Amino acid sequence: MSATTACPKTRAFQLRVNPLTGDSEWIVVEEGGDREELEEKTSKNLLATTSYLDMLNDSYRNWAFRAAIEKTIKKPCHVLDIGAGTGLLSMMAARTMAKFEEASEAKVSACESYLPMGKLMRRVLRKNQMEKKVSEILDSELLGEGLIPTLQQAHDMLLAKNPQTVPYRATTYGQLVESPFLWKLHDLFSNEINLSDGIHLTPAGLERVIGIKKQQYVMHCTAMSREIRLLSEPFKIFEFDFWKKPESHGEIEMSIKACSDGNVIAVISWWVLQLDEEGSIFYSTAPRWTNCPDNGMVENCIPGELSYCNVYPNEQRNVHLFGYIVFEAKSHRRVSWTSEGNENWCDHWKQCVWFISGAGLPVLKDKLVLFKAAYDEIKISYHLKCDDQTCCNNFNFGNCLLELSPERVAVYGDKDWRSGFINAMRNTLNVRSAPLCIIADDSVFLTILISYLSKNANTISSFPGLQEKGAQYLQAIADSNGFSMDRVKVIGKRASYLLTDNLIQQKVDFLVGEPFYYGNEGALPWQNLRFWKERTLLDSILSEDVVIMPCKGILKVCAMSLPDLWRSRCSLKKVEGFDHSVVNETLGACGNLPPLLEGPCLPYYIWQCGEVEELSEILPLMEFNFLEPIHACSRKIKIEFSKLGICHGFALWIDWVLDNKKSLLVSTGPISRYWKQGVKLLSKPLAVNAAYSFAEIEAFFDHSSGEITISSFSPS
């Protein structure tokens, strides 16, 4: 093996958002130097929310790649590992080549563009005495971002002619589906038609003024299986051969036969990796229902032999398919089913959802649907229309001025959510003649609501994230909602800038927020407590009888059984024979930690976390009183289990209290499916029985950082 190549120190800048202010902060990350301890702490925060740990806990993936690498490398050679992560595949390649007599001719170059991960990889290599066997750690200066340009550059600059690759090929598949839940995630106009509250976020003639980005959205689609109707068989879309230089653009067109009457709301897609050249090792991200023999509702399907052979043909070979189900390809007979948890649930590779514009595309059984797919270097797109041209998927309802997340679109179309704010605001606005109202977040809904309910109100909307786009949107829909923009001002900054910009000529009567901060949807629920920080900074301009909405936040907690999520966040020991214990703290491991160590609290959609069960009542853990300036607070409670089972941790979220009577509140708990919850996993799962009937949990809110520290205690 060749010796380690000396590399100059590199430096990178990592963007971090301050949870209390929303301000962006650049963190310098560099190799070595006096900043190492600070960078180590920063890297832990940054890497804990990535999928690296989950991927390393995916034993099927790891086995498949090892088997393919050992099968592909037949003699010493130069191996390039693109996107090396912790260096696992690089070490597999080095170990494989060490078995050959000519091992001195072997060379492994590991390429990792993310510097914090590259630094962690060096520690893993050092732990496994592989530093001298993996000769180069290449950085982002060499390879561009994205699969296609990365492979193109590798073929042009680095790879030999006709190289051997692992994976060998990737094939994407799709399926047409109908789903009420997916419909709510993208079609706000149709949802508003069913409401009668007088608020029109998407007025007639401006049906698509609020929408989602035209892109694929990553989701655990198996979690939605009980409400999905399959309207076609799975079909192959694209095939990418990694051993060939990929084209920058590609497109296909085909006819898909509808297998049932219905309304196509989305195309759900997934991919299958062929890891070796001869086609004996596969890894699939297909949803569970691809093994169902029936059309119609997925819940009626049972695992079987169905069209699997049509989707993944491999006629004469023994096939190992990892991720969901293992088949012998010659007979297409199901030979094993992964029984642990939810069919080897993992969070790093999911399915993709492409939403069909508008209210969907009506189809009839056995009729053909024209399907077009195209890709370029950065994105993929789909287009559908009926074969007889009578119902096309070409909707032209004007420009989309606001692109929001699918979950935010669903929230804005939710009847209960809207009525809570409408009732709370109507009860308070009626007692003021010409109030001054400040919207302290990015809520276009509250801006419209106040202007609609009170023709004399003067409203200042901060819109720190939406900025000018928010102002343009309000201008477009003002007439349809019966208000004049003369009484609405958008500053496009944090609300606290009102103090320095001298925009306030009177005391503030209403300070409101959902709270919702654009771009912050995937964060922990308490990061929306920046509303409390804004309220504190504005304290000097608030009237004595100011109405603050929400007036309080309540941190809720529930004990949970989460076997699949816990397994994916377990601490690592050896992965395919390589010691990975040095990565646990940095990657945010939670399970099987050493004594006195606790893993971080991480954001997840609980309903997408595989097998899930509540083991206790929902309890209040801590309250945040927004009528007071922001301050530190803490509380410890005892949680009595209400069910027997295995407790893996706790789900936490915030319920926002809209009125002082506590009669109106908005919950961000898992039942709505539109918000992420915080998850605190136990280091050791707790078997709930007569001897262990309770647990304790403590929360501390640091008002200087906006962070909440969660500690859990099991009975000894």
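Where is Pro550 found? Pro550 sits in the loop between strand E28 (542–549) and E29. The model is predicted, so local features need pLDDT of at least 70, side-chain atom pairs count only at pLDDT 80 or more, and totals for chains, interfaces and linings use all residues. Residues are numbered from 1 along each chain as its sequence is written, and side-chain values use heavy atoms, with hydrogens and water left out.

**Overall make-up**

- The protein contains 16 helices and 40 strands; helices (H or I, at least four residues) and strands (E, at least two) are DSSP runs, numbered from the N terminus.
- Of its 716 residues, 56% count as buried, where buried means under 20% relative accessible area, exposed over 50%, and partly exposed in between (1.4 Å probe, protein chains only).
- Among contacts between residues at least 6 apart in sequence, 77% join residues at least 24 apart; a contact means heavy atoms within 4.5 Å.

**Nonpolar cores**

- A nonpolar core is a set of buried Ala, Val, Leu, Ile, Met, Phe, Trp, Tyr and Cys residues joined through side-chain atoms within 4.5 Å.
- The largest nonpolar core has 70 residues, and those with the most contacts inside it are Leu182, Tyr412, Phe445 and Tyr473.
- Apart from this core lies another, of 50 residues, including Ala440, Leu529, Val688 and Ile697.
- Leaving out residues up to four places away in sequence, Leu182 touches Val177, Met219, Met224, Ile265, Ala266, Ile268, Val353 and Phe355.

- Two packed helices are described by the angle between their axes and the distance between the axes.
- Axes are lines fitted to C-alpha atoms, for helices over the stretch in contact, and angles run from 0 to 180 degrees between N-to-C directions.
- Helix H11 (residues 415–429) packs with helix H12 (residues 444–453) at an angle of about 45°, and their axes are 10 Å apart.
- That angle makes H11 oblique to H12; angles under 35 degrees count as roughly parallel, over 145 as roughly antiparallel, 65 to 115 as roughly perpendicular and the rest as oblique.
- The crossing of H11 past H12 is right-handed; a crossing is right-handed if the near helix is turned clockwise from the far one by less than a right angle, and left-handed if anticlockwise.
- On the H11 side, Trp417, Arg418, Phe421, Ile422, Met425, Arg426 and Leu429 meet Phe445, Leu446, Leu449, Ile450 and Leu453 of H12.
- The residues of this contact divide into 10 nonpolar, no polar and two charged; Ala, Val, Leu, Ile, Met, Phe, Trp, Tyr, Cys and Pro count as nonpolar, Asp, Glu, Lys and Arg as charged, and the others, Gly among them, as polar.

**Helix packing: H12 with H13**

- H12 also packs with helix H13 (residues 468–477), at an angle of about 40° and with axes 11 Å apart.
- H12 and H13 make a right-handed crossing.
- Val444, Thr447 and Ile448 in H12 meet Tyr473, Leu474 and Ile477 in H13.
- The residues of the contact of H12 with H13 are five nonpolar, one polar and no charged.

**Two buried strand residues**

- Val557 lies in strand E29 (residues 552–561) and is buried, at a relative accessible area of 0%.
- Val557 and Ile618 are 61 residues apart in sequence, while their C-alpha atoms are 5.7 Å apart in space.
- Not counting residues up to four places away in sequence, Val557 touches Glu617, Ile618, Leu619, Leu621, Ile637, Ile639, Phe650, Ala651, Leu652 and Ile697.
- Gln274, in strand E13 (residues 266–274), is buried with a relative accessible area of 9%.
- Gln274 and Ala170 are 104 residues apart along the chain, and 6.1 Å separates their C-alpha atoms.
- With residues up to four places away in sequence not counted, Gln274 touches Pro167, Tyr168, Arg169, Gly279, Ile281 and Phe282.

**Backbone features in loops**

- The peptide bond from Met549 to Pro550 is cis, with omega near 0°.
- A cis peptide bond also runs from Val166 to Pro167, with omega near 5°; Pro167 is in the loop between helix H6 (147–157) and strand E6 (169–178).
- Asp366 is not a glycine, yet has a positive phi of about 75°.
- Asp366 lies in the loop between strand E20 (361–363) and strand E21 (368–375), and counts as partly exposed at 48% relative accessibility.
- Arg673, another residue other than glycine, has a positive phi near 70° and is placed in the loop between strand E37 (665–667) and strand E38 (677–688).
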